[in-house]
Amino acid sequence: MGIAAFGTLLKMSNGLSGMAEVFNTIGEVGDIDGPTISVETIDLTNHSSSGARKEFVAGLIDNGEISFSINFEPDDTTHDATAGLQYVANQRTLRNFKIVYPDLSEVTFAALVTNFGIKAPVADKLSADVTLKISGALTWS
């Protein structure tokens, strides 16, 4: 069994807190990659390590990045430089995001917009590649 990914929504907070926080669906999102959880390792190997084998313990967890493409619409309020992804990138501040999967499970996280790369190819659509760097925990519900 599996779940078809079509219909997954990526939402961005309006930046307010508490009851005033609202998550708006980012328009025209294509493929979404991430999060990719990785655990650093700390090398504890020493001259007394059993069998001359390396020894490790788990270090910090990095929840990685979310990358996605959009059909870029300059006047879309979730894309623009007034309140959208470009604005959040220019402000260099954390913003809450949420991914809602087709089975209605969701993951919420804080992230920085670290990339907003617009593409305007001659024979294709206006688009943008976006990267979010996750800061802190992932909250699943």
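Which side chain does that of lysine 54 meet in a salt bridge? In this predicted model, the partner of lysine 54 is aspartate 43, with an N to O distance of 3.4 Å.

Aspartate 43 belongs to strand 4, whereas lysine 54 sits in the loop that runs between strand 4 and strand 5 (56–62), so the contact ties together parts that are eleven residues apart in sequence. The two partners can also be described by their accessibility. Lysine 54 has a relative accessibility of 58% and counts as exposed, because the cut-off for that class is over 50%. Aspartate 43, with a relative accessible area of 39%, is partly exposed.

## Other salt bridges

The count of salt bridges comes to four. One of them joins lysine 119 and aspartate 129, whose closest N and O atoms are 2.7 Å apart. Lysine 119 lies in strand 8 (residues 106–119) and aspartate 129 in strand 9 (residues 127–140), so this pair ties together parts that are ten residues apart in sequence. Lysine 119 is partly exposed, at a relative accessible area of 42%; aspartate 129 is also partly exposed, at 28%.

A further salt bridge is formed by lysine 98 and glutamate 106, with 3.4 Å between the closest N and O atoms. Both lysine 98 and glutamate 106 are buried, a class that requires a relative accessible area under 20%.

## The largest pocket

The volume of the largest pocket is about 280 Å³. Its lining comprises 16 residues, of which Ala5, Thr8, Val29, Gly30 and Ile32 are the closest to the centre of the pocket.

Strand 1 (9–13) and strand 3 (29–33) each supply at least two residues of this lining. Strand 3 gives the most, contributing four residues. Sorted by class, the residues that line the largest pocket are nine nonpolar, five polar and two charged.

## A nonpolar surface patch

Ile37, Val39 and Ile61 together make a nonpolar surface patch of about 290 Å². Valine 39, one of these residues, is located in strand 4 (residues 38–43). The relative accessible area of valine 39 is 46%, and this residue is therefore partly exposed.

Note on methods. Residues numbered from 1 in each chain as written. Predicted model: local features only at pLDDT ≥ 70, side-chain atom pairs only at ≥ 80, totals over all residues. Heavy atoms only, no water. Patch = residues over 30% accessible without salt bridge, like charges linked within 9 Å, V, L, I, M, F, W, Y side chains within 5 Å. Areas by Shrake-Rupley, 256 points an atom, 1.4 Å probe, with all protein chains shown as cover. Buried < 20%, exposed > 50% of the residue type's maximum accessible area, 1.4 Å probe, protein only. 1 Å grid on protein atoms, 1.4 Å probe; cavity = no way out; pocket = protein on both sides within 12 Å on 5 of 7 lines; lining within 4 Å. Points joined across faces, edges and corners; volume = space filled by probe spheres on them. Nonpolar A, V, L, I, M, F, W, Y, C, P; charged D, E, K, R; others polar.
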